[in-house]
Amino acid sequence: MIQYYNVTARLKVAMALSMKNIRKSVTYIAASLAIMSLHAAASAQSPGAQNPFFLPASGAAYADIADLVSAAPTIIDVQIRKIRKLPESQTVGVPPSIQRAVVEADVISLLRGTNAVAGKVRFLLDIPKDARGRIPKLKKRRFFAMGRGVNGRSDMIQLVRPDALVEFSQANNETVRAIASEMARTNAPAAIKGIASAFHNAGTILGEGETQIFLDTVGGQPFGLSIASQPGGNKQWSVSTSEVITQTQPAPQRNTLLWYRLACGLPKQLSPGLVGSGDGAHAARAQADFAFVIRSLGPCGRTRVVR
């Protein structure tokens with residue numbers, strides 16, 4: 001009888017250990033599948049050796065940060081804990097100058113996201129190698145990771161671009177949070193696809209007139225420009241993001257979301273075919289007014305190619 005109970009107890013222990021191993025295997029397989037899906041997505045957008053894989057702590061262009069913030073459903077402030085290089089057998093299609101790795105990072109805070117994230121997250125990162133084939137040391141460095149969720153997993157994200165990391169600094173922290181805050185507003189300016197139409201109305205006095213330019217936006221949000229000219233060559237322009245063009249706001253300050261949408265989204269010239277009056281003189285005035293807006297905005301300042 002004692003021997004029977006000993007055998008039964010051993011069987012129970014063995015079964016419990018087997019179930020535990022099965023659960024571990026299932027967890028491992030699920031994680032592996034998630035990493036494989038990240039690998040496939042990253043392979044489709046692998047950067048070249050010349051592309052930096054993060055924006056630096058100092059000197060990052062506002063437009064480059066805004067490109068990432070506007071593309072990322074999830075923004076996480078993280079500190080890198082571990083870098084695990086993937087072997088060549090798991091990085092088919094990745095250039096020899098790039099090291100693909102799985103990054104494990106501690107979550108400091110979640111800036112944007114509809115779902116909760118775990119205390120630690122993992123993501124794939126393509127890291128350029130130096131002339132000696134080495135990658136920079138990233139452990140303990142702090143970044144904003146711009147990504148999206150992976151199959152409902154709270155411990156994984158996929159970067160929206162291979163270079164969708166912004167190194168933490170006080171300046172970058174303020175910029176990222178300011179852009180994210182502006183984008184969260186209900187009346188936040190939408191991305192510009194192009195110019196829909198333009199009109200110019202001449203005034204009763206020589207040199208007086210007004211040009212209205214209507215923009216085509218992602219999502220169809222109303223977006224218009226109004227340029228008023230006065231005798232003597234004085235011009236002022238304003239912006240409207242509502243159905244009523246008269247409800248305008250002054251020309252935007254540099255390094256704001258509205259400025260970014262215009263400076264980085266508008267074409268450099270207004271095609272005369274878009275001016276509704278059909279009058280050559282009116283088209284020329286509208287083109288001159290649009291050129292005035294472009295000069296007032298200044299350069300976009302983007303330093304990286306948007307993929």
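Reader: Where is the place of Gly 152, and what makes Gly 152 count as exposed?

Author: Gly 152 sits in the loop between β4 (142-150) and β5 (153-159); helices (H or I, at least four residues) and strands (E, at least two) are DSSP runs, numbered from the N terminus. Buried means under 20% relative accessible area, exposed over 50%, and partly exposed in between, with a 1.4 Å probe and protein chains only. The relative accessibility of Gly 152 is 81%, so Gly 152 counts as exposed. Gly 152 lies 37 residues from Asn 115 in sequence and 8.6 Å from it in space, C-alpha to C-alpha.

The model is predicted: local features need pLDDT of at least 70, side-chain atom pairs count only at pLDDT 80 or more, and totals for chains, interfaces and linings use all residues. Residues are numbered from 1 along each chain as its sequence is written, and side-chain values use heavy atoms, with hydrogens and water left out.

Reader: Why does Ile 76 count as buried, and which residues does Ile 76 touch?

Author: Ile 76, in strand β1 (residues 74-85), has 0% relative accessibility and therefore counts as buried. Contact means heavy atoms within 4.5 Å. Not counting residues up to four places away in sequence, Ile 76 touches Val 107, Ser 109, Leu 110, Val 117, Val 121, Phe 143, Phe 144, Ala 145 and Ile 157.

Reader: Is His 200 buried or exposed, and what does its side chain make with the side chain of Thr 211?

Author: His 200 belongs to strand β7 (residues 192-202). With a relative accessible area of 3%, His 200 is buried. Its side chain makes a polar contact with that of Thr 211 at 2.8 Å. A polar contact is a pair of N or O atoms within 3.5 Å; within protein, one must be able to donate a hydrogen and the other to accept it, and residues adjacent in sequence count only if both atoms are side-chain atoms.

Reader: Why is α2 called roughly perpendicular to α4?

Author: Helix α2 (residues 62-71) and helix α4 (residues 257-265) pack at about 100°, with axes 11 Å apart. Axes are lines fitted to C-alpha atoms, for helices over the stretch in contact, and angles run from 0 to 180 degrees between N-to-C directions. Angles under 35 degrees count as roughly parallel, over 145 as roughly antiparallel, 65 to 115 as roughly perpendicular and the rest as oblique. The angle therefore makes α2 roughly perpendicular to α4. Residues making the contact include Ala 66 of α2 and Cys 264 of α4.

Reader: What makes α4 mostly covered?

Author: Eight of the nine residues of α4 are buried, among them Trp 259 and Cys 264.

Reader: How do you know that a disulfide joins Cys 264 to Cys 300, and why is the disulfide right-handed?

Author: A disulfide is a pair of cysteine sulfur atoms within 2.5 Å, and the S to S distance here is 2.0 Å. The torsion about the S-S bond is about 90°, so the disulfide is right-handed. Cys 264 lies in helix α4 and Cys 300 in the segment after α5 (280-297), so the pair ties together parts 36 residues apart in sequence. Both Cys 264 and Cys 300 are buried.
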